[in-house]
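This briefing is intended to be read beside the sequence and the coordinates. Please have both at hand.

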Amino acid sequence: MSVAVEDTSRLFSEARALGLTDDETRRIVELLGREPNAVELAVFSLLWSEHCAYKHSKKLLRKLPTEGERVLMGPGENAGAIDVGDGLAVVFKVESHNHPSAVEPFQGAATGVGGILRDIFALGARPVAVLDSLRFGDLDTPRTRFLLERVVAGIGAYGNSIGVPTVGGEVVFEPPYEQNCLVNAMCVGLAPAERLIRSAAAGPGNVIVLLGARTGRDGIGGASVLASAELEEGDAKRPTVQIGDPFEESKLIECCLELVDSELLVSLQDLGAAGLSSSTSEMASKGGVGIDLDVSKVPLREPGMEPFEIMISESQERMLCVVEPRQLDAVLAVCRRWETRATPIGEVTDSGRLRVFDGDAPAGDMPVTALVDECPLYDLDPQEPVDRLAAFAAPKARLAPDASHDDVLRALLGSENVASRRWVFEQYDSLVGSRTVRRPQQADAAVLRLALGDVRTDRALAVSIDGNGRRVAHDPYIGAAEAVAECAANLACVGAEPLGLTNCLNFGNPEKPHVAWQLTRAVEGMAAACRALDVPVVGGNVSLYNEGPEGPIYPTPVVGMVGELPDAARAGRVGFAEPGDMVALLGPFTPSLRGSELARLEGRLGDGLEPFDLGDVREALDLVREAVRTGAVRSAHDVSEGGLACTVAECAIAGGVGATLDLEPLARRAGVDGRTALFGEGPGGILVSGPRETLLDLSTKAAHAGFLALGQVGGSTIDLAAPAARLGISVEDAGDLFDFALANRLS
Amino acid sequence: MSARVGIVLFPGSCDEHDALLAVERAGLEPEYLWHADPDLKGVDAVIVPGGFSYGDYLRVGAIARFAPVMEEVSRFAVEGGPVLGICNGFQVLCEAHLLPGALLPNNSLRFVCRQVDVVVEHDRTVFTRASEPGEVLSLPVKHTTGCWFAPAEQLDQLEANGQLVLRYAAGHNPNGSTRDVAGVSNEAGNVLGLMPHPEHATDALTGSTDGLRLFTALSPVAA
């Protein structure tokens, strides 16, 4: 078919303003066999946006392993689901809300939580935990303080009011996130496995019912305008940020779960990015059907909204369900009881088309496959830059290179990236639901009792979320693999075996070759680690174009992992428990100052990261998990930011008891100096403590995985020796520094 | 026969399932009471649980007090029935004038979730009668609006009546409440409201078990 491109310049300029390239517009005209009208163009522009179509990442994501024996639902559904036995499924996903949060941090973060919750209960699962992964710029700038304060308040305001605990997360401060903060929220839910509901629409003649809030002009074009282009002038985009209403959501959760429990629904889908456009298209696409929709029936928040506005509004707290006509009255009765608005707005057809009506007047008519499957996918053009870190300014030096070891430890414990996150997590309800077996800071992973309604077990879920953009910038492949290994280590430290993984890939503009290279290598590293550790990826999210005028963010893949442990009462802890216990280091850990927190404090970015063997790490994690489960160790904590010295200090602070260690065996094995043994970082190190006999027994099994006896628990000070290095600090002083550093910096 | 304990369910309640588990652990029989039904189903005691009833919109607890079920709760309380208000429930009972004083935003103006020590000052209420005065309970708090306040002249009277039943231990007050008050009762001692969450302290696996005694104290009410 030939199309008269010259005559349609107005169409092309409108399409460009909506983020479509001329080639994409030509393709739309070809697929429709005519020019799109305003409604159709708006719908296509959103469905074909990076945010909805993953057009720069879809091919790459195929490299991730998604299969597993216990996987019930993988990528493509609203969230991933895994069989956890006793008739239960665990459902989870992480998603970004970066751009909205950079524009309006309180509502951006709040609706980020609201959105990820809807992904979970869209499967019929009760949300039981939220975790957040946050990145901000330099803690000393007014902008960072404002964003931190408002993002944390927004997460709390939404999460605390809906009865779902926020049980963990991470917060990192680095200058590349100054303009473009990252707000990634993860939600974990539980459902009876047989009740899981999918989003595929089915059954021509069935009714499409819109549940929840009224539709307004908030969030119009969020997916295309905010999430699919670089952020320049934030203030002008404020009207596109959505406003959250947690009370509406809390009723919506209870209402939807009752509808699913009563088996009144054919399918259920949340309204997220691109609102009705994407939810109807995706439901129809998955079911291989069509949908007719009457926008004049949609309850509106304000008068005079155009059909295209109703189709693309991102008003929050809305869900869409497919109902058989004979069940409609029962559905409406449940909704009335929960005071949730429910309106039939359309029906399932066998046309394979999304047809939009405004009353009787046709307003749009598009083939569903064109919307969902025909968006052009782009190949990346990855090119390794000569200098990987050229795009990033070296961090501000805060510590002299000749600082004493005592001063280094103090600086690290008080560093905004190592210090206790107490200031943050005390603003979140971590307890509601009565499942929280390990609260923030008690263990490396959050531990939640595995229980839902009448199903009560002795088992538990463990959840962790992790990422380290600075290290990924040093080496995207190794850095991303490290993030997976770190999550798995966190789970092992509480005795949990990984069940599955969700990820959020936060990167800059993928059309730039070096960003394409970062993205490609990071996905390859993540895939390798998932294969080596046998963890399927069951869902996730990609957030691209995280750049400001001053440059891109650190490439930041964030990994969320869910695991299970057989006995909740034996979940591991961080704190040293008994004076006299032996302290040992398990695993192939090779400390290096490259990319470390100490290097950052000294104002240095390095080059590359130490390669590591994933098989060796797995072997060590298997041993740690078993040792925690059998009670052979009384504490377990993986070595991360700030190196072994900070790890020991954290174990001592949590346990309220000191320790005396000599790191000479580690320095000798790794061939490093005392300072590197104390403060060097890298994957594959777990510090454990326990009775001497059981640890010596453990050492016989750990000949290959690596076992170094380093000292013992006791006293009121932390005393560390390493070749030509020695440091000491009282547990009390270390605790004061660690616990209150963030609050003190912010006051 | 074990006491039957009603747990009020408002739109926006969050900790109702936790209250249900606590009641069960105390060997009592829980029963939900729907906000729209003016019917206490003949229960022996009522818990108004934590959460964000009606989104905490307008003012915390201000809308919930007008729910149909609350008329019955008020009648039950006036007739001497045991009523426990936890966190948002405490706020609702103050708004309903079943308890003295009011709850203001925390002095930090932030939500706070923390384990604190709470001292039982009096054993004169139906919920603290199994406790010794001076006993210290480890309970979590989690709230934004927990700073209990009453005017000075009223305070001395409440103090003299023994109505300031629970106080935060020295250094543990998370919200700046007047005289470190964590919980107050009505004059008769059958209605108690507190900001800390005893229902989240009834299971060693998820925290302390110190809160359990406030619930077990209800066992004799059915007898």
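The points below cover conventions, helix packing, sheets, domains and the chain interface.

The model is predicted, and local features need pLDDT of at least 70, side-chain atom pairs count only at pLDDT 80 or more, and totals for chains, interfaces and linings use all residues. Residues are numbered from 1 along each chain as its sequence is written, while chains are lettered from A and ligands numbered from 1 in the order in which they are written.

- Two packed helices are described by the angle between their axes and the distance between the axes.
- Helices (H or I, at least four residues) and strands (E, at least two) are DSSP runs, numbered from the N terminus. Axes are lines fitted to C-alpha atoms, for helices over the stretch in contact, and angles run from 0 to 180 degrees between N-to-C directions.
- Helix H7 (residues 105–121) of chain A and helix H8(A) have axes that come within 7 Å and cross at roughly 40°. The crossing of H7(A) over H8(A) is right-handed; a crossing counts as right-handed if the near helix is turned clockwise from the far one by less than a right angle, and left-handed if anticlockwise.
- Residues of H7(A) in this contact include A:Phe106, A:Ala110 and A:Val113, and those of H8(A) include A:Leu147, A:Arg150 and A:Val151. Two residues are in contact if their C-beta atoms, placed from the backbone, lie within 7 Å.
- The contact of H7(A) with H8(A) comprises eleven nonpolar, five polar and one charged residue. Ala, Val, Leu, Ile, Met, Phe, Trp, Tyr, Cys and Pro count as nonpolar, Asp, Glu, Lys and Arg as charged, and the others, Gly among them, as polar.
- Helix H8 (residues 142–161) of chain A also meets H10(A), with axes that come within 8 Å and cross at roughly 35°. This crossing of H8(A) and H10(A) is right-handed.
- From H8(A), A:Ala157, A:Tyr158 and A:Ser161 make the contact with A:Pro246, A:Phe247 and A:Ser250 of H10(A). Its residues are four nonpolar, two polar and no charged.
- Helix H10 (residues 246–261) and helix H13 (residues 328–337), both of chain A, pack at about 150° with axes 9 Å apart. That angle makes H10(A) roughly antiparallel to H13(A); the term applies to angles over 145 degrees, with under 35 counted as roughly parallel, 65 to 115 as roughly perpendicular and the rest as oblique.
- H10(A) contributes A:Cys255, A:Glu258 and A:Leu259 to the contact, and H13(A) contributes A:Val331, A:Val334 and A:Cys335. Five of these residues are nonpolar, none polar and one charged.

**Seven-stranded sheet in chain A**

- An open sheet with mixed pairing has seven strands in the order E8-E10-E7-E11-E9-E12-E13 (chain A). Two strands pair if DSSP finds at least two bridges between them.
- Strand E8 (267–270) and strand E13 (361–367) of chain A are the edge strands, each pairing on one side only. From one strand to the next, the twist averages 25°.
- Strand E9 (residues 290–294) and strand E11 (residues 342–349) of chain A run antiparallel and are joined by four bridges. A:Ile291 has A:Val348 in E11(A) as its bridge partner.
- H10(A) packs on this sheet, touching strand E7 (207–212), E8 and strand E10 (318–323) of chain A, and its direction makes about 145° with that of E7(A).

**Six-stranded sheet in chain A**

- A further open sheet, also mixed in pairing, has six strands in the order E14-E15-E16-E21-E17-E18 (chain A).
- Strand E14 (436–438) and strand E18 (537–543) of chain A each have a single partner strand, so one side of each is without a neighbour in the sheet. The twist averages 25° from one strand to the next.
- E14(A) pairs with strand E15 (residues 446–452) of chain A in the antiparallel sense over two bridges.

**Domains and chain interface**

- Chain A is divided into domain 1 (5–52) and domain 2 (573–747), with bounds from an automatic or database domain assignment. Their C-alpha centres lie 56 Å apart.
- In the interface, 22 residues of chain B are in contact with 22 residues of chain A. Helix H1 (16–25), strand E6 (112–120) and strand E7 (136–143) of chain B each supply at least two residues of the side that touches chain A.
- That side of chain B has eleven nonpolar, six polar and five charged residues.
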